[in-house]
Amino acid sequence: MEFSIKSGSPEKQRSACVVVGVFEPRKLSAAAEVIDNAAHQFLSDILRRGDMEGKSGSCLLLHGVPGVEADRILLVGLGKEREFREKEYRTAVATAVRQLNETGGFDGTLYLTELAVKKRDVAWKIRQAALVVQETLYRFDRLKSKKEEVRRPLRKLTFCVTRRNELATAENALAEGLAIAAGMDLAKDLGNLPGNICTPSYLADQARQLAKSHALGVDILDRADMEKLGMHTLLSVARGSHEPPRFIVLRHSGGVSGAKPVVLVGKGITFDSGGISLKPGAEMDEMKYDMCGAASVLGTLKAAAMMKLPLNVVGVIPSTENMPGGAATKPGDVITSMSGQTVEILNTDAEGRLILCDALTYVERFDPECVVDIATLTGACVIALGHVATGLLANNDGLARELLDAGQDAYDRAWQMPLWDDYQEQLKSNFADMANIGGRPAGTITAACFLARFTDKYYWAHLDIAGTAWRSGKDKGATGRPVPLLSHFLMDRAKSAPKPVAKRKRG
């Protein structure tokens, strides 16, 4: 897909299709009014006849509109103007792109990016439009013998802005949006691959390819390396699987040399059977998505590299399968973590925290500015927040606020939950320093409390994406979240990061 930015009057655009909006009930947007005047109220007459009310998600394709250069005009319903917000804007763009891809025209020109969205500037609108376009057109069919083909797919899309002095801002926002979209596509592709393909070794290979194509540093640790480091909780999860575990480290060195990095840690369970604490068979196929935290780290590193963010970022991915077997960890086993703390395994299906805790100890060597881990960690988070918001817990309120604000700006929202010491009582064990579960009450919080015991040397936040990383049902598939949230978080951090000192010329 080719993208461009331009300004100019809609009736003068030579395009296969120009897209404008209609508010409910039957009110033309500013760009639509310009076309209507050029066409001698052609659009107004159609609306008066009741062909379109302007409901959100509706559209009407018009051919041969007089007074305009475009072959077609697409009217897109926007809903009520006073209720037009981020969600309605994204719905309008998605509706337009879906229809454009089915009309047979190779190119389209969108004037939806001129619409006023409360408290959102042109950069936000362009960035979001780019994301929505890529999300709408995304297909995962690489494993099908017969691909679904669009007869004449959309090949070029132009976003229009109101004023020429907005062009530079819009161009930059478009580049950012496309970078984030590329990161989301990578995360979705990895999440959608089945466990027999997307193994820990496959994730490691993807990290190597990403490093090669974007000049990132990469290190891959194998089982022997992990044993030397004392990552016994991570290795305890890997015992039941024939697939060898991998520990992946990626480095984007865009900031000042020696500046403390932001570290992202992604849970990489490429298939989670539950181990000895075997999961029910129904919907177990969806446990291929248990590596979406890892996928989001890879996707975010790709976005950061494409944007050339002036920031040092380290991505860390502990990866393994969680399978039953004769060598698998048993409920009641006691394991010593890399930190030296001991853990009683009461449920082998609470394995994500076991691989993450060793990773959270490992990242101390980077002397991080902050650490954010991302994991499909608890079903309890789905019960608490559904599939709308990501769960957020942190040992520093300033870091939590940054992530919440980034999520709002990215329209990839999170909700903070408490991390009070009161909940630590639930992790007490008679036989070890802690148990790996704390019972049914507050399951998302006690899981984060477990991780918090390994993060006392730096600012840390935990994102539980169990409800947001994928969707079930007829639209089953990975969502690419929280790549937008993380990308905006890094973009904001980059703005305040130390800048390199320019060298003085001798002379």
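**Entry 1: Thr 109.** I began with a side-chain pair: Thr 109 makes a polar contact with the side chain of Ser 15 at 3.2 Å. By polar contact I mean a pair of N or O atoms within 3.5 Å; within protein, one must be able to donate a hydrogen and the other to accept it, and residues adjacent in sequence count only if both atoms are side-chain atoms. Before going on, I noted that this is a predicted model, where local features need pLDDT of at least 70, side-chain atom pairs count only at pLDDT 80 or more, and totals for chains, interfaces and linings use all residues. Residues are numbered from 1 along each chain as its sequence is written, and side-chain values use heavy atoms, with hydrogens and water left out.

I found Thr 109 in strand 6 (residues 107-110). Helices (H or I, at least four residues) and strands (E, at least two) are DSSP runs, numbered from the N terminus. Is Thr 109 buried or exposed? Thr 109 is buried, at a relative accessible area of 4%; buried means under 20%, exposed over 50% and partly exposed in between, with a 1.4 Å probe and protein chains only. Leaving out residues up to four places away in sequence, Thr 109 touches Gln 13, Ser 15, Cys 17, Val 18, Val 19, Thr 158 and Cys 160. Contact here is heavy atoms within 4.5 Å.

**Entry 2: Lys 267.** Next I looked up a lysine in the loop between strand 10 (262-266) and strand 11 (268-272), Lys 267. Lys 267 counts as buried, with 2% relative accessibility. What lies 2.8 Å from a polar atom of the Lys 267 side chain? I found the backbone oxygen of Thr 376 there. I also noted Cys 292, 25 residues from Lys 267 along the chain, with 7.3 Å between the C-alpha atoms.

**Entry 3: aromatic pairs.** I counted 8 aromatic pairs in the structure. Rings of Phe, Tyr and Trp (its six-membered ring) pair if their centres lie within 6.5 Å; planes under 30 degrees apart count as stacked, over 60 as edge-to-face and the rest as tilted. One of them is Phe 3 with Phe 159, tilted, at 6.0 Å centre to centre and 35° between the planes. This pair links distant parts of the chain, 156 residues apart: Phe 3 sits in strand 1 (residues 2-7) and Phe 159 in strand 7 (residues 156-161). Phe 3 is buried at 15% relative accessible area, and Phe 159 is buried at 0%.

I then took Tyr 89 and Trp 124, whose ring centres are 5.8 Å apart with planes at 45°, so this pair is tilted. Tyr 89 belongs to helix 3 (residues 86-103) and Trp 124 to helix 4 (residues 122-137), 35 residues apart. I also wrote down one aromatic cluster, formed by Phe 247, Tyr 362 and Phe 366.

**Entry 4: Met 184.** I placed Met 184 in helix 5 (residues 167-192) and found that Met 184 counts as buried at 3% relative accessibility. Met 184 and Gly 299 are 115 residues apart in sequence, yet 5.8 Å apart in space, C-alpha to C-alpha. Not counting residues up to four places away in sequence, Met 184 touches Leu 131, Glu 135, Thr 479, Gly 480, Val 483 and Pro 484.
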